[in-house]
Amino acid sequence: HVDLVESGGGLVQAGGSLRLSCAASGTIFERNDMAWYRQAPGKQRELVASITSGGSLKYLDSVKGRFAISRDNAKNTVYLQMNSLKSKDTAVYCCNANEPYGRVGKLTYWGQGTQVTVSP
C-alpha cells in the first residue's frame with residue numbers, strides 16, 4: 001500500500017515562502033516520477049511541478065523562477081520550495097507519484113493535500 005503524506009502548508013503573506021514536503025512509503029521511491037499539483041476553489045487541478053526518476057524537471061509557467069521541486073531518495077521525500085508567493089498561488093497542493101508497472105504501465109497515487117493560503 002502506497003502512502004503519500006504532505007506537510008508544510010499554511011498561511012503566509014504575499015511575498016513569503018513555504019516549503020512543502022511529501023513523504024512516500026510502500027513504494028520504491030527512486031523509481032517513481034513525482035509531481036505537485038494544485039487546485040484552487042472553482043478551478044481545475046493543474047500541474048505545478050514535476051521531477052522524474054532521472055531528475056528532469058518541469059514547471060507551470062506561472063511558477064517558473066519562484067518554485068523549485070526537488071527530491072531526496074534517501075528520505076523517500078519530494079519537496080516544493082515556494083518563494084515570492086502570490087495570492088493566486090492559494091490552493092490545495094497535492095503530491096502525486098507515478099510508479100512504473102510492468103514494461104510500459106504506471107500506477108498513480110495521490111496524497112490527501114495540504115492547504116496553502118497566501119494573504120494579500
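The model is predicted. A search of the whole structure finds one disulfide and one aromatic pair. The disulfide joins cysteine 22 to cysteine 95, and the aromatic pair is formed by tyrosine 37 and tryptophan 110.

**Cysteines**

- The sulfur atoms of cysteine 22 and cysteine 95 are 2.1 Å apart in the disulfide.
- The link between cysteine 22 and cysteine 95 is left-handed, with -80 degrees about the S-S bond.
- Cysteine 94 takes part in no disulfide, and the nearest cysteine sulfur, which belongs to cysteine 95, is 8.7 Å away.
- Cysteine 94 has a relative accessibility of 15% and therefore counts as buried, the cut-off being under 20%.

**Nonpolar core**

- The largest nonpolar core holds 26 residues, and those touching the most other members are Met34, Trp36, Val78, Leu80, Met82 and Tyr93.
- At least two residues of this core come from each of S3, S4, strand S5 (46-51), S7, S8, S9 and strand S11 (114-119).
- Beyond residues up to four places away in sequence, methionine 82 touches Gly16, Ser17, Leu18, Leu20, Arg66, Phe67, Tyr93 and Val116.
- As general background, nonpolar side chains in soluble globular proteins tend to be buried together.

**Aromatic rings and arginines**

- The ring centres of tyrosine 37 and tryptophan 110 are 4.9 Å apart, and the planes stand at 65 degrees, so the pair is edge-to-face; the cut-off for that class is over 60 degrees.
- Because tyrosine 37 lies in strand S4 (residues 33-39) and tryptophan 110 in strand S10 (residues 105-110), the pair ties together parts that are 73 residues apart in sequence.
- Tyrosine 37 is partly exposed at 21% relative accessibility, and tryptophan 110 is partly exposed at 34%.
- Tryptophan 110 also has arginine 45 over its face, at 4.0 Å from the ring centre.

**Asparagine 96**

- With a relative accessible area of 3%, asparagine 96 is buried.
- Neighbours within four places in sequence aside, the contacts of asparagine 96 are Leu4, Asp33, Met34, Ala35, Tyr37, Thr108, Tyr109 and Trp110.
- These contacts include Tyr37 and Trp110, the two members of the aromatic pair.
- Met34, another of the contacts of asparagine 96, is among the core residues that touch the most other members.

**Positive phi angles**

- Most residues other than glycine have a negative phi.
- Asparagine 76 has a positive phi, near 55 degrees.
- Asparagine 76 sits in the loop between strand S7 (67-72) and strand S8 (77-82), and is partly exposed with a relative accessible area of 24%.
- Serine 84 is not a glycine either, and its phi is positive at about 50 degrees.
- The loop between S8 and strand S9 (91-101) contains serine 84, which is partly exposed with a relative accessible area of 40%.

Key. Residues are numbered from 1 along each chain as its sequence is written. This is a predicted model: local features need pLDDT of at least 70, side-chain atom pairs count only at pLDDT 80 or more; totals for chains, interfaces and linings use all residues. Side-chain values use heavy atoms; hydrogens and water are left out. Rings of Phe, Tyr and Trp (its six-membered ring) pair if their centres lie within 6.5 Å; planes under 30 degrees apart count as stacked, over 60 as edge-to-face and the rest as tilted. Helices (H or I, at least four residues) and strands (E, at least two) are DSSP runs, numbered from the N terminus. Buried means under 20% relative accessible area, exposed over 50%, partly exposed in between (1.4 Å probe, protein chains only). A charge sits over a ring if NZ of Lys or CZ of Arg is within 6 Å of the ring centre and within 35 degrees of the ring normal. A disulfide is a pair of cysteine sulfur atoms within 2.5 Å. A nonpolar core is a set of buried Ala, Val, Leu, Ile, Met, Phe, Trp, Tyr and Cys residues joined through side-chain atoms within 4.5 Å. Contact means heavy atoms within 4.5 Å.
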